[in-house]
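Thanks for coming. I will go through one protein chain, starting with the whole and then moving to a few places in it. Please have a look at it first.

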Amino acid sequence: MISSDSTEPSANLLVERNGEKKAVSEINLSAAQHKAAQSLREQLTDGGLYNLVGPAGSGKTFLAWYLTSTHDDWSYFAWLPVKSTVNGAVVVIDNVAATRAASRRAREVRAFTNADSILILSETAVPEATEYIHLSAKS
């Protein structure tokens with residue numbers, strides 16, 4: 001894993017590119033992402049486990065970055081977080097496997113946080129989610 005304090009040229013480029021991705025703007029969202037964002041804003045207040053589903057390249061991660069950059073109380077994690085790192089009313093977890101075990105681990109995140117809701121991102125539907133929001137492949 002490359003850390004942000006590394007002096008390797010590839011590490012500097014990675015940090016720079018990730019900074020660009022996180023400096024997202026609503027104008028960069030596709031119509032499908034706008035629709036999904038609106039749906040998520042309305043639904044992610046009731047304590048549920050939500051699943052944003054779509055194929056690789058459909059814009060799930062970009063949408064998650066946008067939502068967490070526009071909501072101070074939302075937190076983004078690239079994978080299931082450890083207990084000490086979680087904070088936010090809505091916790092967004094990327095790269096979740098479509099398994100019952102992963103779904104239950106995501107639910108456990110709420111047990112050790114003050115999160116109202118959990119949003120998990122995956123390529124296929126994760127069992128036991130409260131609601132599924134689908135993104136289609138970008139055209």
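What percentage of the 139 residues of the protein chain count as buried? The figure is 41%. Before going further, please keep in mind that this is a predicted model, and every value I quote is computed from it.

Now the overall layout. The protein chain has 4 helices and 5 strands. Read from the N terminus, the order is α-α-β-α-β-β-α-β-β. Take the contacts in the protein chain between residues at least 6 apart in sequence: 72% of them join residues at least 24 apart.

Next, the inside. The largest nonpolar core has 18 residues, and those touching the most other members are Leu40, Leu44, Leu52, Leu63, Leu67, Val92 and Leu119. Which elements give two or more residues to this core? They are α2 (31-43), β1 (49-53), α3 (60-70), β3 (90-93) and β4 (117-122). The largest share comes from α3, with 4 residues.

For Leu67, leaving aside neighbours within four places in sequence, the contacts are Ala37, Leu40, Arg41 and Trp74. There is also a second, separate core of 13 residues, which includes Leu49, Phe77, Ala102 and Ala106.

Val92 sits in strand β3. Is Val92 buried or exposed? Its relative accessible area is 1%, so Val92 is buried, the cut-off being under 20%. Apart from neighbours within four places in sequence, Val92 is in contact with Ala64, Thr68, Trp74, Ser75, Tyr76, Phe77, Leu119 and Leu121. Along the chain Val92 and Ile120 are 28 residues apart, yet their C-alpha atoms are separated by 5.8 Å.

Ile120 brings us to strand β4. In general, the side chains of a regular strand alternate between the two faces of the sheet. In β4 both faces are covered: Ser117, Leu119 and Leu121 are buried on one side, and Ile118, Ile120 and Ser122 are buried on the other. Why is β4 described as largely enclosed by the rest of the structure? Because 6 of the 6 residues of β4 are buried.

The strands that pair with β4 include β1 and β3. β1 and β4 run parallel and are joined by 5 bridges. Here Leu52 has Leu121 as its bridge partner in β4. β3 also pairs with β4 in the parallel sense, over 4 bridges. There, the partner of Val91 in β4 is Ile118.

Now the charged side chains. How many salt bridges are there? The count comes to 2. In one of them, Glu128 pairs with Arg100, and the closest N and O atoms are 2.7 Å apart. Glu128 lies in the loop between β4 and β5 (131-134), while Arg100 lies in helix α4 (residues 100-111), so this pair ties together parts that are 28 residues apart in sequence.

Glu128 also forms a salt bridge with Arg104, with the closest N and O atoms 2.9 Å apart. This pair, too, links distant parts of the chain, since Arg104 is in helix α4 and Glu128 is in the loop between β4 and β5, 24 residues apart. Taken together, Arg100, Arg104 and Glu128 are linked in a network of salt bridges. Arg100 is partly exposed at 43%, and Arg104 is partly exposed at 44%.

Last, the aromatic rings. A pair of aromatic rings is described by the distance of the centres and the angle of the planes. The whole structure has 1 aromatic pair. The rings belong to Trp65 and Tyr76; their centres are 6.1 Å apart and their planes are at 70 degrees, so the pair is edge-to-face, for which the angle must be over 60. Trp65 is in helix α3 and Tyr76 is in strand β2 (residues 74-77), so the pair ties together parts that are 11 residues apart in sequence. Trp65 counts as buried at 12% relative accessibility, whereas Tyr76, at 22%, counts as partly exposed.

That is the end of the tour.

Note on methods: Residues numbered from 1 in each chain as written. Predicted model: local features only at pLDDT ≥ 70, side-chain atom pairs only at ≥ 80, totals over all residues. Heavy atoms only, no water. Buried < 20%, exposed > 50% of the residue type's maximum accessible area, 1.4 Å probe, protein only. Contact = heavy atoms within 4.5 Å. Core = buried A, V, L, I, M, F, W, Y, C linked by side-chain atoms within 4.5 Å. Salt bridge = Lys/Arg side-chain N within 4 Å of Asp/Glu carboxyl O. Phe/Tyr/Trp six-rings, centres within 6.5 Å; stacked < 30°, edge-to-face > 60°. Pairing = 2+ DSSP bridges.
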